[in-house]
Amino acid sequence: MRAFTICYQPFALITTLILAHYESRINTSLRNLYGYALFFVLSFLVIVLDLATSGRGGIGTFSGLCTFFACFGIAHALVQGGVSGELSSMCPEFIQAFIGGITASGVVACGLRLLTKYYFEKYGNGLRKGALLSLGISTVFELLSIIMYAIYFPKLSIVKYYRLKATLKGPKTITDALIATDTQNIETDQEVGVVANQQECLSHKELFLQNIDYVFDVVMIYVLTLSIMPGFLYEDTGQHKLGTWYPLVLMTMYNVMDLIASYIPLIKFLKLESRKGLLVATLSRFLLIPAFYFTAKYGDQGWMILLVSYLGLTNGYLTVCVYTVVPKGYKGPEKNALGNLLALSLLSGICVGAALSYLWQIGK
């Protein structure tokens, strides 16, 4: 699994970096479609590879899987930054639904793992059968994503409205947006083209410098989460010599609380919008490091479940707060660029956190 992670994350990070730099020259709708299609094809190919080899290993199968996971990283970069940028340019509040969907997928994945473990554990080769079932369900959902985004999404009136409102991207991109909404209004196209040429947008460097604290927040949120979870949970499981169900319960609790927390900012008086407040809240999460350390050494399972739940709660809440606050006050293309910048920050935090966790476990 570590080999697959090593294949996945560098490709995802490098591709996200490239796409974030050239986002203004890329048709976002096509980018998202290509990403969803790549996810679908790769998931299907993994199933085909497993069935073709009857689950047997070998250098050929391993090399094929590593290639697929590297391509999964590219697909992740296409969709994560593309959807973040598109929704940010429409309405920052839409990001909450997107992040909520991501966290919901984690809950569904954990639920499937618990279900397949319970059902297939008594059969021979149960892990493989459970993985194939999960992959099959994922492949179906990815196909539905392609259909929904290509056919249903562009026909929504609110999507048409915001795509027509994107008047600052330049004539070519505006034409793409109008075609995507099945709107053929040459007069409108000419008018927005004039507006686009008359107004200037901030560069990527200027946007980064103006929002460097938010970028830092996102990176630190995921550095902590991805370093603390595998590291201390590995030690906790080994310390108490617990069964394989315990890590699954912990991951499920984390994802459930992450999902719940992503909806808390919808309550206005509970949403944190202060730049200093977000920075303080992000840094205060590092107090969880000694809490996890002593709990893993001396605490029981109940305290660890409580800490993991709190970790998920703060992760989802702070992510949504930052993502929805950052684009406010900027023009459409700048919001798109900021959405890509935040996606890059998130993935950077994940990569650094995963690397720290790996070093932690090697040290043990």
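Colleague: Let's start with F294: is the residue buried or exposed, or something in between?
Modeller: In between: this is a predicted model, and in it F294 has 49% relative accessibility, so F294 counts as partly exposed. The cut-off for exposed is over 50%.

Colleague: And Y293, what is its relative accessible area?
Modeller: Y293 has a relative accessible area of 33%, so Y293 is partly exposed too.

Colleague: How many aromatic pairs turn up in the whole structure?
Modeller: The search of the whole structure gives nine aromatic pairs. One of them joins Y119 and F120: the ring centres are 5.0 Å apart and the planes stand at 85°, so this pair is edge-to-face. Y293 and F294 also make an edge-to-face pair, with 5.3 Å from centre to centre and 80° between the planes.

Colleague: Back to Y119 and F120. How accessible is Y119, and how accessible is F120?
Modeller: Y119 is partly exposed, at a relative accessible area of 44%. F120 is buried, at 14%. Buried means under 20%, so F120 falls on that side of the cut-off.

Colleague: Which residues are linked into a cluster by ring pairs?
Modeller: Y36, Y149 and F153 are the ones that ring pairs link into a cluster.

Colleague: New topic: charges. How many salt bridges does the search find?
Modeller: Four salt bridges come out of the search of the whole structure. One of them pairs R128 with D50, and their closest N and O atoms are 2.8 Å apart.

Colleague: Where do those two residues sit in the chain?
Modeller: R128 belongs to helix α5 (residues 126-152) and D50 to helix α2 (residues 28-53). The two residues are 78 residues apart, and the pair links distant parts of the chain.

Colleague: Is D50 buried or exposed? And what about R128?
Modeller: D50 counts as buried, with 18% relative accessibility. R128 counts as partly exposed, with 22%.

Colleague: Which residues form a network of salt bridges?
Modeller: That would be K271, E273 and K328. K271 and E273 meet through their side chains at 4.0 Å, N to O. E273 also meets K328, with an N to O distance of 3.2 Å.

Colleague: Nice. Which loops hold E273 and K328?
Modeller: E273 is in the loop between α11 (245-261) and α12 (275-284), while K328 is in the loop between α14 (301-325) and α15 (332-363). The two are 55 residues apart in sequence, so their pair ties those parts together.

Colleague: How many disulfides does the structure hold?
Modeller: Zero disulfides. As for cysteines, C71 is partly exposed with a relative accessible area of 25%, and C201 counts as partly exposed at 35% relative accessibility.

Colleague: Now the inside. How many residues does the largest nonpolar core have?
Modeller: The largest nonpolar core has 52 residues, and V322 and Y323 have the most contacts inside it. Helix α3 (residues 59-90) gives the most to this core, nine residues.

Colleague: What does Y323 touch?
Modeller: Leaving out residues up to four places away in sequence, Y323 touches Q80, S84, I95, I99, L342, A343 and L346. There is also a second, separate core of 13 residues, with I228, L250, L288 and L311 among them.

Colleague: Let's zoom out. How many helices and how many strands does the protein chain have?
Modeller: The protein chain has 15 helices and zero strands.

Colleague: What share of the residues counts as buried?
Modeller: Of the 364 residues in the protein chain, 48% count as buried.

Colleague: Last one: among contacts with a separation of 6 or more, what share comes from residues 24 or more positions apart?
Modeller: Residues 24 or more positions apart account for 81% of those contacts in the protein chain.

Colleague: Great, thanks for the tour!

Definitions and conventions: Residues are numbered from 1 along each chain as its sequence is written. This is a predicted model: local features need pLDDT of at least 70, side-chain atom pairs count only at pLDDT 80 or more; totals for chains, interfaces and linings use all residues. Side-chain values use heavy atoms; hydrogens and water are left out. A nonpolar core is a set of buried Ala, Val, Leu, Ile, Met, Phe, Trp, Tyr and Cys residues joined through side-chain atoms within 4.5 Å. Buried means under 20% relative accessible area, exposed over 50%, partly exposed in between (1.4 Å probe, protein chains only). Helices (H or I, at least four residues) and strands (E, at least two) are DSSP runs, numbered from the N terminus. Contact means heavy atoms within 4.5 Å. Rings of Phe, Tyr and Trp (its six-membered ring) pair if their centres lie within 6.5 Å; planes under 30 degrees apart count as stacked, over 60 as edge-to-face and the rest as tilted. A disulfide is a pair of cysteine sulfur atoms within 2.5 Å.
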